[in-house]
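Me: Hi! Could you walk me through this one? I'd like the helices, the core and the charged pairs.

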Amino acid sequence: MHLHQVRERFEQIELCIDDAALACRSSGYAPQELKEYVGELDRRSDQLKRLVQQARDPASLLECIESLEQVGERVMEACRNARHVDPQLRSAIQEAHLEIAALKRALH
């Protein structure tokens with residue numbers, strides 16, 4: 001996969017994460033733990049954006065994506081453990097998680 005393709009996919013991941021953060025903020029109910037993890041995912045995505053733009057090789061990009069995936073796993077776990085999660089929020093979290101995992105697989 002070429003670097004520009006990875007950057008484009010990362011932009012899609014960012015959009016998914018932004019959707020999850022917005023859904024979390026606008027949700028009538030979201031457990032505090034879930035809010036914290038979604039916020040962490042959003043912050044980590046912003047930090048990694050610069051790294052992805054500066055990356056020159058697939059190995060450094062993979063490292064960035066793996067870091068994001070770890071946070072994504074915690075978000076998914078918190079979502080699974082929550083009793084009542086707004087369907088839009090759950091969907092946005094799942095979409096972000098799937099996009100991160102797909103990009104990681106593409107880099108391997």
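Reply: Happy to. One term to begin with: a polar contact is a pair of N or O atoms within 3.5 Å; within protein, one must be able to donate a hydrogen and the other to accept it, and residues adjacent in sequence count only if both atoms are side-chain atoms. Also, this is a predicted model, so local features need pLDDT of at least 70 and side-chain atom pairs count only at pLDDT 80 or more, while totals for chains, interfaces and linings use all residues. Residues are numbered from 1 along each chain as its sequence is written, and side-chain values use heavy atoms, with hydrogens and water left out.

Me: Thanks! Which residue caps the N-terminal end of α4?

Reply: D86 does, with a side-chain oxygen 3.0 Å from the backbone nitrogen of Q88. Helices here are DSSP runs (H or I, at least four residues), as are strands (E, at least two), numbered from the N terminus.

Me: And how far does α4 reach?

Reply: Its 21 residues reach 30 Å from first C-alpha to last, close to the 30 Å expected at 1.5 Å a residue. The expected span is 1.5 Å times one less than the number of residues.

Me: Which residues of α4 are buried?

Reply: L89, A92, I93, A96, H97, E99, I100, A101, L103 and L107. Buried means under 20% relative accessible area, exposed over 50%, and partly exposed in between (1.4 Å probe, protein chains only).

Me: On to the core. How many residues does the largest nonpolar one have?

Reply: It has 35, and L34, V38, L68, L89 and I93 have the most contacts inside it. The elements giving two or more residues to this core are α1 (3–26), α2 (32–54), α3 (58–81) and α4 (87–107). The largest share, ten residues, comes from α3. A nonpolar core is a set of buried Ala, Val, Leu, Ile, Met, Phe, Trp, Tyr and Cys residues joined through side-chain atoms within 4.5 Å.

Me: What does L34 contact?

Reply: Beyond its neighbours within four places in sequence, L34 is in contact (heavy atoms within 4.5 Å) with V75, A78, C79, V85, L89 and I93.

Me: What about F10, buried or exposed?

Reply: F10, in helix α1, counts as buried because its relative accessibility is 2%. Not counting residues up to four places away in sequence, F10 touches S45, L48, K49, V52, I65, L68 and L103.

Me: What else does E40 pair with?

Reply: R74 forms a salt bridge with E40, with the closest N and O atoms 2.7 Å apart. That pair links distant parts of the chain, R74 in helix α3 and E40 in helix α2, 34 residues apart.

Me: And E77?

Reply: E77 bridges to R80, the closest N and O atoms being 3.2 Å apart. Both lie in helix α3, three residues apart, about one turn of the helix.

Me: Which residues are joined into one network?

Reply: E40, R44 and R74, through salt bridges that share partners.

Definitions and conventions:
A salt bridge is a side-chain nitrogen of Lys or Arg within 4 Å of a carboxyl oxygen of Asp or Glu.
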